[in-house]
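Student: I have a structure open on my screen, and I would like to work through it with you. Could we take it step by step?

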Amino acid sequence: MKCDSGAIVVGAGIVGAACAEALARRGLSVRLLDARSGGATAAGMGHLVTLDDNDAELALTRDSIVRWRAWAPAMDEGCAFRGNGTLWLAASDEEWALAENKGARLAALGEAVDLLDARALAGVEPALRTGLLGALRLREDAIVYPPNVVRWLLRRHPGQISERHAEVVEIDGRGVTLAGGERLAADVVVLANGIEAATLCPELPIVPKKGHLAITDRYPGVLTHTVTELGYLGSVHNSEGPSLAFNAQPRPTGQLLIGTSRQFGSRDRDVDGGILARMLEHAAGFLPVLRELNIVRCWTGLRAASPDSLPLIGRHPDRDGLWLAVGHEGLGVTAAPTTAELLVGAIFGEPAVIDPQPYAPERFLGRSGAREGAEDA
Ligand SMILES: Cc1cc2nc3c(=O)[nH]c(=O)nc-3n(C[C@H](O)[C@H](O)[C@H](O)COP(=O)(O)OP(=O)(O)OC[C@H]3O[C@@H](n4cnc5c(N)ncnc54)[C@H](O)[C@@H]3O)c2cc1C
């Protein structure tokens, strides 16, 4: 492709930063614009997790984790990458059967998984409650500190990515208009502004899913793996009332990051004391020592959800020159590397790294630009 005025990326969260890095790696100069309106990247858990609810989710997360592991040796300590794996906890016979099935499916694909019975689980994570039937361990899963990964990505190609604090108020395939009226032109325009995607492109079916998180004081050694309940899988795509799922992550600081909740459609960022209390009580049901630990901070974040919970990655079908990398819901940190390769590979006409069809914006946007499938949301 021929590029005279380079690229503009709107949104400097993990997805925008990964896209900017991938564009710069291919030689483009990139202007990265961010309104600093409080994105999900600074609010999430940074769990790099292989999920297999459907083939598209599995392909995206597996390919991404391979890319994260390739990045890891070059990352600085601030990125806080730890390849500590995930334990999916089985609390019932049904969940144990789920663990076995999931394990067999992933093992057949070559994933590094193992089943731990109750005794083996107690051996590796003695702080968990007794009575669990066991766990499925995914050894390749990891954790990072996403805001520092953003900074690391943007430093990788010195002089090629310029960052600017600016709010975009209009966008098309030839450029953007900033609040205040300034017009910036580009050959390639990438929209990666998370929950605000529909503010600039109202035809995009992106809605918020609010989540609560809490972090403890420093208690090194309570957990080594990220631990999460198999019941989590049922809550992830819930589109009705608030749902809770236990997820606890040992941070390199010795703190425990505890999640999480999902509230569909809520845009306010206030901590809801009732939901937070229920979330922590639910977590203590798996990790009883939590009742004795100090929680030092609680906050919320908004996941940007599409109707089928898969991101929109690719060319906007009706706005020539505009490319979309939005709608990553609760997996945007995990999926950022492959999102960037898919999107930027398509911009440059390269062969796709995985089948791009499940993420194609056309599944919601017809040729006319009419919004399709949004009523499911
Ligand atoms: C509670 C919670 C827990 C999560 N846990 C995990 C996890 O463990 N693992 C995982 O993979 N994912 C997780 N996620 C999801 C993940 O955080 C998001 O999918 C990801 O951060 C989205 O990144 P993004 O770059 O698309 O968007 P964002 O990080 O939201 O960035 C968008 C940026 O666009 C900017 N912007 C918005 N509008 C404009 C505008 N008009 N002009 C200029 N700039 C604009 C904003 O300022 C913002 O910086 C979690 C999310 C939440 C809320």
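Tutor: The chain is divided into domain 1 (7-43 + 146-205 + 308-376) and domain 2 (86-139 + 207-305), with bounds that come from an automatic or database domain assignment. This is a predicted model, where local features need pLDDT of at least 70, side-chain atom pairs count only at pLDDT 80 or more, and totals for chains, interfaces and linings use all residues. Residues are numbered from 1 along each chain as its sequence is written.

Student: How many helices and strands are in the chain?

Tutor: We count DSSP runs, numbered from the N terminus: helices are H or I with at least four residues, and strands are E with at least two. On that basis the chain has 9 helices and 19 strands.

Student: Why does the radius of gyration of the chain agree with a compact globule?

Tutor: The radius is taken over C-alpha atoms, and the globule rule is 2.2 Å times the number of residues to the power 0.38. For 377 residues that rule gives a value near 21 Å, so the chain agrees with it at 20 Å.

Student: How many residues of domain 1 are in contact with domain 2?

Tutor: The C-alpha centres of the two domains lie 29 Å apart. A contact needs C-beta atoms, placed from the backbone, within 7 Å. By that test, 11 residues of domain 2 are touched, and the number from domain 1 is 11.

Student: Which residue in the turn between β18 and β19 has a positive phi?

Tutor: Strands pair if DSSP finds at least two bridges between them. β18 (residues 312-315) and β19 (residues 322-326) run antiparallel, joined by 4 bridges, and G314 stands opposite L324. They form a hairpin with 6 residues between them, and the turn residue with a phi of about 90° is G321.

Definitions and conventions: Two residues are in contact if their C-beta atoms, placed from the backbone, lie within 7 Å.
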